[in-house]
Amino acid sequence: MLENLGGAHVLVLLVVLALDALALVQVWRDRRRSDLVKIVWTVVIVAVPVIGVVGWAVNWLLGRAADRLNRTSGPSA
């Protein structure tokens with residue numbers, strides 16, 4: 001089964017594993033999210049590695065952008 005695994009395939013697998021690990025670390029370091037949300041993201045990232053990481057990254061980047069907008073605008077009262 002592994003005899004057809006070339007160098008490019010191994011490189012892609014290593015990149016996907018590294019991105020998965022990075023995403024899981026970031027999910028569990030986020031203090032704003034509940035444990036349930038962290039568990040759901042963990043299951044999604046592990047079950048569907050590429051799509052899970054992309055979904056998490058989009059969600060994370062949009063959350064950071066929203067936080068930045070909230071910080072710069074401040075209360076309008």
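Buried residues are those with under 20% relative accessible area, exposed residues those with over 50%, and partly exposed residues those in between, as calculated with a 1.4 Å probe and protein chains only. The legends below describe a predicted model, in which local features need pLDDT of at least 70 and side-chain atom pairs count only at pLDDT 80 or more, while totals for chains, interfaces and linings use all residues. Residues are numbered from 1 along each chain as its sequence is written, and side-chain values use heavy atoms, with hydrogens and water left out.

View 1. The C-alpha trace spans about 65 × 25 × 15 Å along its principal axes. The radius of gyration is 17 Å, whereas a compact globule of 77 residues would have one near 11 Å; this radius is taken over C-alpha atoms, and the globule rule is 2.2 Å times the number of residues to the power 0.38. Buried residues make up 14% of the 77 residues.

**View 2. The largest nonpolar core.** Six residues, Ala23, Val27, Trp41, Ile45, Val53 and Trp56, form this core, the term denoting a set of buried Ala, Val, Leu, Ile, Met, Phe, Trp, Tyr and Cys residues joined through side-chain atoms within 4.5 Å. At least two residues of the core come from each of helix H1 (7–29), helix H2 (35–47) and helix H3 (49–73). If residues up to four places away in sequence are not counted, Val27 touches Lys38, Trp41, Thr42, Ile45 and Trp56, a contact being heavy atoms within 4.5 Å.

**View 3. A nonpolar patch on the surface.** Val48, Val50, Ile51, Val54, Val58 and Leu62 make up this patch, and together they have about 560 Å² of accessible area, which comes from the Shrake-Rupley method with a 1.4 Å probe, only the protein chains shown counting as cover for residues. Patches are made of residues with over 30% relative accessible area and no salt bridge, with like charges joined within 9 Å and nonpolar side chains (Val, Leu, Ile, Met, Phe, Trp, Tyr) within 5 Å. Val48 lies in the loop between H2 and H3 and is partly exposed, with a relative accessible area of 38%.

**View 4. A network of salt bridges linking Asp30, Arg32, Arg33 and Asp67.** A salt bridge is defined here as a side-chain nitrogen of Lys or Arg within 4 Å of a carboxyl oxygen of Asp or Glu, and by this rule the count comes to three. Asp30, which counts as buried at 14% relative accessibility, forms a salt bridge with Arg32, the closest N and O atoms being 3.4 Å apart. The side chain of Asp30 also meets that of Arg33 in a salt bridge (3.4 Å, N to O), and Arg33 counts as partly exposed at 31% relative accessibility. Arg32, itself partly exposed with a relative accessible area of 46%, forms a further salt bridge with Asp67, whose closest N and O atoms are 2.3 Å apart. This pair links distant parts of the chain, with Arg32 in the loop between H1 and H2 and Asp67 in helix H3, 35 residues apart. Asp67 counts as partly exposed at 27% relative accessibility.

Note on methods
Helix = DSSP H or I, 4+ residues; strand = E, 2+ residues; numbered from the N terminus.
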